[in-house]
2 protein chains.
Amino acid sequence: MDGVRLFRDYVNEKGLRNTPEREVIVREVFSTHDHFDVDTLYLRLRNKKKNISKASVYRTISLLIKSGLVKEVFFEDGHMHYEHVYGRDHHCHFRCISCKKIIEFMEEEIIDIHRKFSKSSEFEVTGHRLELFGYCRDCMEKEEKNKAG
Amino acid sequence: MDGVRLFRDYVNEKGLRNTPEREVIVREVFSTHDHFDVDTLYLRLRNKKKNISKASVYRTISLLIKSGLVKEVFFEDGHMHYEHVYGRDHHCHFRCISCKKIIEFMEEEIIDIHRKFSKSSEFEVTGHRLELFGYCRDCMEKEEKNKAG
DNA sequence: TTGTTATTGAGAATCAATTACAACAATAAT
DNA sequence: ATTATTGTTGTAATTGATTCTCAATAACAA
Ligand SMILES: [Mn+2]
Ligand SMILES: [Mn+2]
Ligand SMILES: [Zn+2]
Ligand SMILES: [Zn+2]
């Protein structure tokens with residue numbers, strides 16, 4: 001719940017202004033650990049009777065990205081999906097190409113790769129994204145039943 | 001140059017038709033190892049006086065993806081970027097967030113991660129994508145000069 | 001050849017994301 | 001306090017990528 005405060009600081013540092021709209025959006029972003037897209041975030045706000053324009057949602061997400069508190073997770077169904085990273089351990093994503101389910105996982109090796117490249121003088125690595133694609137257990141089982149049946 | 005033939009086979013297998021438009025598009029896709037997006041591919045065709053509609057370019061890329069001969073590499077500037085994979089070794093991508101340059105690299109560890117998950121009975125992993133982000137050497141040097149100057 | 005059916009190009013439609021702008025609000029300057 | 005400056009908002013318009021519609025055409029099998 002402290003990403004909210006960090007975002008306030010970021011806004012101040014940048015000489016921007018803390019507005020009630022930003023406050024509400026950012027609180028909502030940090031209220032869950034789920035992945036989200038602009039539309040679901042916007043609808044969550046509407047359901048709570050917060051009348052904030054979609055433009056402001058876009059603008060605030062853009063700021064959250066710049067602040068480093070939110071990251072783009074993946075692009076699917078024609079639009080971007082996000083998650084907040086403050087207070088969460090780093091992790092990677094497995095995406096089921098059948099049911100679109102997301103499964104998070106952590107592999108130390110990926111950190112090693114990141115470190116190795118960071119130490120080389122060739123690049124300054126600031127981030128990485130590893131996605132695995134395939135079929136989740138549920139969808140595997142469904143397919144096996146299909147073959148059997 | 002044989003991805004073209006494999007694509008013909010794929011099209012036949014699926015009961016689809018080999019058309020001159022598809023042939024021209026696919027030849028162009030396999031004519032270089034560069035990353036490409038729909039627009040640059042379309043313009044390359046236009047420059048060669050091939051009058052093929054953009055819709056057909058989209059449709060053929062979609063087939064190429066399904067056939068497994070082409071892969072989505074990354075989403076940037078509001079649209080997808082692709083590369084053909086036939087006849088190429090697997091590799092990952094480093095993307096400079098300053099100049100947008102792409103640098104390809106290969107890490108065995110990533111293959112290990114893929115294998116490890118494939119063997120687990122939890123998921124059936126069919127593919128992966130690893131991207132590193134940061135600053136390339138050129139952009140690092142530019143920034144250092146900025147600080148010094 | 002002929003019939004069936006996939007494919008094409010052109011343009012319209014869709015949808016995510018950005019932008020222009022006028023009203024408004026917060027801060028700084030006088 | 002008053003005024004000027006500048007940031008922010010919502011609305012609506014705009015841009016740009018991608019998909020879709022549909023009538024004309026062409027691939028392929030019989
Ligand atoms: Mn996640
Ligand atoms: Mn590549
Ligand atoms: Zn699944
Ligand atoms: Zn660079």
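Student: How far is a polar side-chain atom of B:Tyr58 from a phosphate oxygen of DNA strand D?
Tutor: The distance is 2.6 Å. This is a predicted model, where local features need pLDDT of at least 70, side-chain atom pairs count only at pLDDT 80 or more, and totals for chains, interfaces and linings use all residues. Residues are numbered from 1 along each chain as its sequence is written, chains are lettered from A and ligands numbered from 1 in the order written, and side-chain values use heavy atoms, leaving out hydrogens and water.

Student: Which elements give two or more residues to the surface near strand D?
Tutor: Chain A gives helix H2 (20–30) and helix H4 (54–67); chain B gives helix H4 (54–67) and S2. Helices (H or I, at least four residues) and strands (E, at least two) are DSSP runs, numbered from the N terminus.

Student: What about A:Arg22 and A:Ser56, how far are they from a phosphate oxygen?
Tutor: A polar side-chain atom of A:Arg22 lies 2.4 Å from one. For an N or O atom in the A:Ser56 side chain, the distance is also 2.4 Å.

Student: New topic. Which residues are the protein donors of the manganese ion (ligand 2)?
Tutor: B:His35 (NE2), B:Glu83 (OE), B:His91 (NE2), B:His93 (NE2) and B:Glu104 (OE), at 2.0 to 2.3 Å. Donors are N, O and S atoms within 2.8 Å of the metal (3.2 Å for Na, K and Ca); water is not among the atoms, so sites may look incomplete.

Terms used
Polar contact = N/O pair within 3.5 Å; in protein donor to acceptor, adjacent residues only side chain to side chain.
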